[in-house]
Amino acid sequence: MKATQTQPASTPPELDATAVIYLRVSTGTQVHKAHDPEGYSIPGQREACLRHAERIGARVIGEFVEPGRSATTTARPALQEMLGQLTELRPSYVIFYDLSRAARDDFDALQLWKTITDTG
């Protein structure tokens, strides 16, 4: 698994690269907004993640959406579903709009990183 960092311009995209994207908002009011001043609406995150996947040459094979859930715990249904499907889906990339959409603190982020990379 690779992080969501953009590849340097000189690095060619992987052949047949794939990605899954994870989208999360903290409040129900952000779920369907077309635009949020902070950029955290589900539609805004989706658009940014799809653009990033296109830039790195990855085909999106899965989308996991967590509507109106706090990141105070990693025991969120869509996040756990995504993690559970990584072994089967085997994406080249896992894309988050921002790390804050997946993890509240560095400890959770490191655990999430380990779980993702351990799936190969």
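Mentor: Contact here means heavy atoms within 4.5 Å. Keep in mind that this is a predicted model.

Trainee: Fine. Leaving aside neighbours within four places in sequence, what is Met82 in contact with?
Mentor: Val20, Tyr22, Phe64, Val94 and Phe96, once those sequence neighbours are set aside.

Trainee: Which residues have the most contacts inside the largest nonpolar core?
Mentor: Tyr22, Met82 and Phe96, in a core of 13 residues. At least two residues come from each of E1, H2, E3 and H3. H2 gives the largest share, five residues.

Trainee: And what does the second core include?
Mentor: That one is separate and has 12 residues, among them Ala19, Val25, Ala53 and Ile95.

Trainee: Back to H2. Which of its residues are buried?
Mentor: Ala78, Leu79, Met82, Leu83 and Leu86. They pack against strands E1 (17-24), E2 (58-66) and E3 (93-96), and against helix H3 (106-118).

Trainee: What span should H2 have, and how far apart are its ends?
Mentor: H2 covers residues 77-89, so at 1.5 Å a residue its 13 residues should span 18 Å. The end C-alpha atoms are 17 Å apart, which agrees.

Trainee: What follows H2?
Mentor: Arg90, with a positive phi near 50°.

Trainee: Different topic. What pattern does the chain follow along the sequence?
Mentor: β-α-β-α-β-α, with three helices and three strands.

Trainee: How much of the chain is buried?
Mentor: Buried residues are 40% of the 120. The chain exposes about 6700 Å², with 53% of that supplied by carbon and sulfur atoms.

Note on methods:
Residues are numbered from 1 along each chain as its sequence is written. This is a predicted model: local features need pLDDT of at least 70, side-chain atom pairs count only at pLDDT 80 or more; totals for chains, interfaces and linings use all residues. Side-chain values use heavy atoms; hydrogens and water are left out. Helices (H or I, at least four residues) and strands (E, at least two) are DSSP runs, numbered from the N terminus. The expected span of a helix is 1.5 Å times one less than its number of residues. Buried means under 20% relative accessible area, exposed over 50%, partly exposed in between (1.4 Å probe, protein chains only). A nonpolar core is a set of buried Ala, Val, Leu, Ile, Met, Phe, Trp, Tyr and Cys residues joined through side-chain atoms within 4.5 Å. Accessible areas come from the Shrake-Rupley method with a 1.4 Å probe; for residues, only the protein chains shown count as cover.
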